[in-house]
Amino acid sequence: GAEIDFALDMGGKFKFVILHGFQSGPDRPRWVWAKEKLEEMGHEVIIPALPNPDTPTEREWVEAALAATSYDERTVLVGHSLGSVAALKVLEKLDAPIARLVTVGGFVSKNFKDNPRPFEKTFDWKFDGEKIRRNAHSITILHDPRDYAVSEMQAKELSDLLQTPLT
């Protein structure tokens, strides 16, 4: 994917921190596969098990992501779905920028296409776009227009906040 291409383009080795989404975990086949491929290229990969994936809270997820590792200019932070929201909140808390933020199926509002989610009340839907942008040297937003839950409007809101086009 795009995050793997980026690592090859940049040269050198990176630490990929992958934050899974709602009702997910690091043992899902897609994350096992991504970890294996990135490690074959010589990168370090950390996929923390974010607590209570069925009833997540922003505080618990951000604390777990921050406790999992250190973040620096060789870090690529990848957030999938609700993991993207946690990734944005992690970037708000960092004192120095990382190499790249990649969001996959990310969003910054709770206007889902299908149905409400239990985390709508346990996450804060306000974001410091300026600080997030300052803390990521590069940003990639991956959005599938056929996503069953994340709407085009939600993707555009994320794109506007990060001042980055959708890919």
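**Close-ups of a predicted model**

**View 1. Helix H4 has the length you'd expect.** With 12 residues at 1.5 Å a residue, H4 should span 16 Å, and its end C-alpha atoms sit 17 Å apart, which agrees. (The expected span is 1.5 Å times one less than the number of residues; helices are DSSP runs of H or I with at least four residues, numbered from the N terminus.) This is a predicted model, so local features need pLDDT of at least 70 and side-chain atom pairs count only at pLDDT 80 or more, while totals for chains, interfaces and linings use all residues. Residues are numbered from 1 along each chain as its sequence is written, and side-chain values use heavy atoms, with hydrogens and water left out.

**View 2. H4 is mostly under cover.** Of its 12 residues, 11 are buried (under 20% relative accessible area; exposed is over 50% and partly exposed lies in between, with a 1.4 Å probe and protein chains only). Among the buried ones are Leu 82, Val 85, Leu 88 and Leu 91, along with Lys 89 and Glu 92.

View 3. Glu 92 and Lys 89 form a salt bridge, with their closest N and O atoms 4.0 Å apart (the term means a side-chain nitrogen of Lys or Arg within 4 Å of a carboxyl oxygen of Asp or Glu). Zoom out a bit and Glu 58 joins Lys 89 and Glu 92 in a network of salt bridges.

View 4. Glu 40 counts as exposed because its relative accessibility is 57%, whereas Lys 37, at 27%, is partly exposed.

**View 5. Arg 146 meets Asp 144.** Their side chains form a salt bridge at 3.0 Å, N to O. Arg 146 is exposed at 70% relative accessibility, and Asp 144 is partly exposed at 32%. The structure holds nine salt bridges.

**View 6. The largest pocket holds about 490 Å³ of space.** Of its 22 lining residues, Arg 30, His 80, Ser 81, Asp 147 and Tyr 148 are the closest to the centre. (A pocket is an open set of points on a 1 Å grid over the protein atoms alone, where a 1.4 Å probe fits, with protein on both sides within 12 Å along at least five of seven lines; lining residues have an atom within 4 Å of a point.) The lining splits into 10 nonpolar, seven polar and five charged residues.

Key
Points joined across faces, edges and corners; volume = space filled by probe spheres on them. Nonpolar A, V, L, I, M, F, W, Y, C, P; charged D, E, K, R; others polar. Helix = DSSP H or I, 4+ residues; strand = E, 2+ residues; numbered from the N terminus.
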